[in-house]
Amino acid sequence: MRKTLCLAAMIALLLSPAQAQNADDATPRTPQDLAMAMFDAAGSALSSGDHETARRMLEAALDLKPGHPAILQGLLTIAVRAGNADDGFAALERMADAGISIDPARAADLLSRADADRFAAVSGRLTANAAPAGRAEVAARVNSPGALIEGVAMDIETDRLFLSSVTGREILMLEPFDRDTPVVFADREDGLWSVFGLAVDDRSRMVWAGSAATDQTPLEAGETGGTALFAFDLVTGDLYRRYTIDGAVQIADFTVRDGVVYASDSGAPRVYVLDSLSGQLQVLAEDPRFVSLQGVALVRGALYVADYAMGIWRIDLGDHSVSLVRPGNESLIGLDGLRQTRDGRLLAVRNGTRPHQVMAIDLDREGLAVASVEVLLRGHPAMASDRGEPTLIDPADGRAWLIANAAWPLFPGDGEDRSADIEPVVVLELDLP
């Protein structure tokens with residue numbers, strides 16, 4: 001499940017469901033555990049008026065989760081309560097460096113009195129971080145009441161677009177001559193639960209789909225959930241095969257190259273590999289440091305996996321070792337879609353940090369750190385609604401197709417029908433530099 005941005009959601013990024021159940025564990029074991037313990041300690045210190053201890057705890061948490069908006073906003077809160085203008089400026093300036101946009105009004109009185117020019121400068125930078133950037137054209141506008149559309153895939157050979165429906169439990173197809181009228185390509189009769197990531201594999205001529213039962217999945221009475229990777233014949237739409245593996249929770253996002261599929265599990269700390277159509281899903285990497293795995297990309301012989309709460313993990317395809325990519329200034333928290341471009345850049349969709357945007361990330365020579373970030377798209381009108389968020393993206397032939405306004409905020413999983421509030425789903429097409 002994707003998360004929308006509010007203070008509660010940003011704090012939720014610090015805590016996975018399994019860790020929430022073990023929050024009282026006195027022995028933190030992972031960066032996530034340690035960050036949560038420090039966040040809790042900071043809250044306790046702040047409640048008792050110990051501003052310095054609260055600040056130190058959050059600074060330590062920020063070392064583990066660089067650019068995390070909830071931690072940075074926590075540092076701003078501490079500074080305001082302590083009346084410490086220098087720390088307040090430092091927090092806001094770090095948010096500006098991270099590409100975050102917030103309203104600094106709650107710090108205005110303290111910081112304007114301390115240095116009006118400096119406050120005006122950082123306020124301007126925070127506002128500029130949300131300014132429109134890049135260009136994209138509307139490739140399709142689909143009015144599907146009640147449908148939560150998550151993923152997109154383009155078949156370059158036929159110019160057909162495929163969309164995944166979480167609530168409809170189906171894959172929809174858009175023909176080039178009628179982009180706004182979806183045709184059902186596959187559905188629950190093929191065994192699909194909610195459908196998330198999609199990909200068209202030019203080599204195998206398959207449409208691949210990640211599917212799982214979640215709180216948003218409309219199950220029939222007596223029907224059981226599950227998760228699997230599905231392969232459908234691109235021409236006939238027939239189900240070729242369903243791939244499962246013991247212990248999987250939510251196979252949702254993946255990437256395909258030369259018939260090999262790499263898939264993340266957003267409900268378990270695992271990444272899988274399928275080496276051929278006739279093969280079996282295998283665990284490529286399992287690491288307790290994984291929190292909420294999302295998009296997957298294959299760049300320069302290594303696998304990169306977005307973690308909504310941590311940033312981007314690198315998995316060495318030789319020894320399967322795992323390391324967290326060192327970020328630059330731009331925050332990598334709240335990344336959802338992650339794919340690769342043909343020239344070896346990471347293409348990332350950020351929807352867990354304001355502003356929502358699409359970024360091209362260049363890695364250093366070793367592939368272990370971010371060298372630079374280019375904002376490709378931000379502030380497009382289709383991405384502006386509070387009732388939707390950009391999710392998954394599919395690059396091909398020097399272009400990319402993006403779900404601009406997936407209606408996750410209207411589907412919290414409580415069963416309430418909000419279909420009347422759903423706007424038409426917009427697929428954007430942008431040229432890649």
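User: What share of the 433 residues in the protein is buried?
Analyst: Buried residues account for 56% of the 433 residues, where buried means under 20% relative accessible area, exposed means over 50% and partly exposed lies in between, with a 1.4 Å probe and protein chains only. This is a predicted model, in which local features need pLDDT of at least 70, side-chain atom pairs count only at pLDDT 80 or more, and totals for chains, interfaces and linings use all residues. Residues are numbered from 1 along each chain as its sequence is written, and side-chain values use heavy atoms, with hydrogens and water left out.

User: And which radius of gyration does the protein have, against a compact globule?
Analyst: The protein has 22 Å, which agrees with the value near 22 Å for a compact globule of 433 residues; the radius is taken over C-alpha atoms, and the globule rule is 2.2 Å times the number of residues to the power 0.38. Along the principal axes, the C-alpha atoms fill a box of roughly 70 × 50 × 45 Å.

User: How many helices and strands?
Analyst: There are eight helices and 24 strands, both being DSSP runs numbered from the N terminus, with helices (H or I) of at least four residues and strands (E) of at least two.

User: Take H5, then: which of its residues are buried?
Analyst: Helix H5 covers residues 69-82 and is mostly covered, with 10 of its 14 residues buried; among them are Ile71, Leu72, Leu75, Leu76 and Ile78. Its first and last C-alpha atoms are 20 Å apart, close to the 20 Å expected at 1.5 Å a residue, the expected span being 1.5 Å times one less than the number of residues. Just after H5, Gly83 takes a positive phi of about 70°.

User: What about H3, and what comes just after it?
Analyst: Helix H3 has 17 residues, 31-47, and its end C-alpha atoms are 24 Å apart, which agrees with the 24 Å it should span. Its buried residues include Met36, Met38, Phe39 and Leu46, and just after H3, Gly49 takes a positive phi of about 85°.

User: Switching to Arg125, what does it touch?
Analyst: Arg125, placed in helix H8 (residues 116-128), touches Glu93, Ala96 and Asp97, leaving aside residues up to four places away in sequence; contact means heavy atoms within 4.5 Å. Arg125 is partly exposed, with a relative accessible area of 36%.
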